[in-house]
Amino acid sequence: MVNALVRTPRSLVALVPAALLTIALGGCSLKHPTPDLENGKKLFVRNGCWECHGYAGQGSRDGAKLAGEVLYEQAFLRYVRKPAGSMPAFVEKILPDSELRDIYAYVKSLPAKSLKDVPLLNQIKNAK
Ligand code: HEC
């Protein structure tokens, strides 16, 4: 009986942070629904990001490399709205924040390719 009385408050104490965490995470996902990578990929194509940045975000003559570049989501959104250089701006009306977040998630998921990933170069290097 005494034991049960002692145990109850302890398990309650353990439950409180868990409950708070659930509320915090739940609140977060309400504000920012989980980004949709597949949708981001579609939007990356539909909005023509690929024309300058490449399908794999590898960059080109006309656009910066995006794959493997760590930009915070907020900075990414800000940049696309107000680019500093020759990139055209995408306004909220054309590309809403929710879609831009999906694009961000997609760009984030792209692997950073380097010269080490070029098979032929590796063959030559390993042949020595
Ligand atoms: C007409 C070519 C063009 C198109 C289309 C384009 N960009 Fe860009 N983007 C650029 C260029 C060029 C830069 C390099 C900086 C500059 O000149 O603005 C850049 C830079 C960026 C950067 C900053 C990269 C960094 O590391 O600072 C982000 C983020 C970006 N683009 C995202 C996008 C997204 C998302 C789209 C599609 C919605 C898009 N861009 C469409 C040309 C383009």
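These legends go with close-up views of a predicted model.

**A note before you look.** Residue numbers start from 1 along each chain, following the sequence as written. Since this is a prediction, local features need pLDDT of at least 70 and side-chain atom pairs count only at pLDDT 80 or more, while totals for chains, interfaces and linings use all residues.

View 1. Helices (H or I, at least four residues) and strands (E, at least two) are DSSP runs, numbered from the N terminus. Of the 128 residues in the protein chain, 13% are buried; that label takes 20 or more other C-beta atoms within 10 Å of a residue's own, with exposed at 12 or fewer, partly exposed in between, and C-beta atoms placed from the backbone. Take the contacts in the protein chain with a separation of 6 or more: 58% of them come from residues 24 or more positions apart. Contact means that two C-beta atoms, placed from the backbone, lie within 7 Å.

**View 2. A shell of 24 residues surrounds the ligand.** The closest are C49, C52, G63, G85 and M87. Two elements, α3 (49-53) and α4 (73-81), each put two or more residues into this shell, and α3 gives the most, with four. Sorted by class, the shell has 15 nonpolar, six polar and three charged residues. In this scheme Ala, Val, Leu, Ile, Met, Phe, Trp, Tyr, Cys and Pro are nonpolar, Asp, Glu, Lys and Arg are charged, and the others, Gly among them, are polar.

**View 3. Zooming in on N39 in helix α2 (residues 37-46).** N39 is partly exposed because 16 other C-beta atoms lie within 10 Å. Look for A105 too: N39 and A105 sit 66 residues apart in sequence, yet their C-alpha atoms are 9.6 Å apart in space.

**View 4. Here α4 meets helix α5 (residues 97-109).** Their axes come within 10 Å and cross at roughly 120 degrees, so the two helices are oblique to each other. From α4, the contact uses E73, F76, L77 and V80; α5 answers with D97, L100, R101 and Y104. That makes five nonpolar, no polar and three charged residues. Axes are lines fitted to C-alpha atoms, for helices over the stretch in contact, with angles from 0 to 180 degrees between N-to-C directions. Under 35 degrees is roughly parallel, over 145 roughly antiparallel, 65 to 115 roughly perpendicular, and the rest oblique.

Definitions and conventions. A residue is near a molecule or strand if its C-beta atom, placed from the backbone, lies within 6 Å of it.
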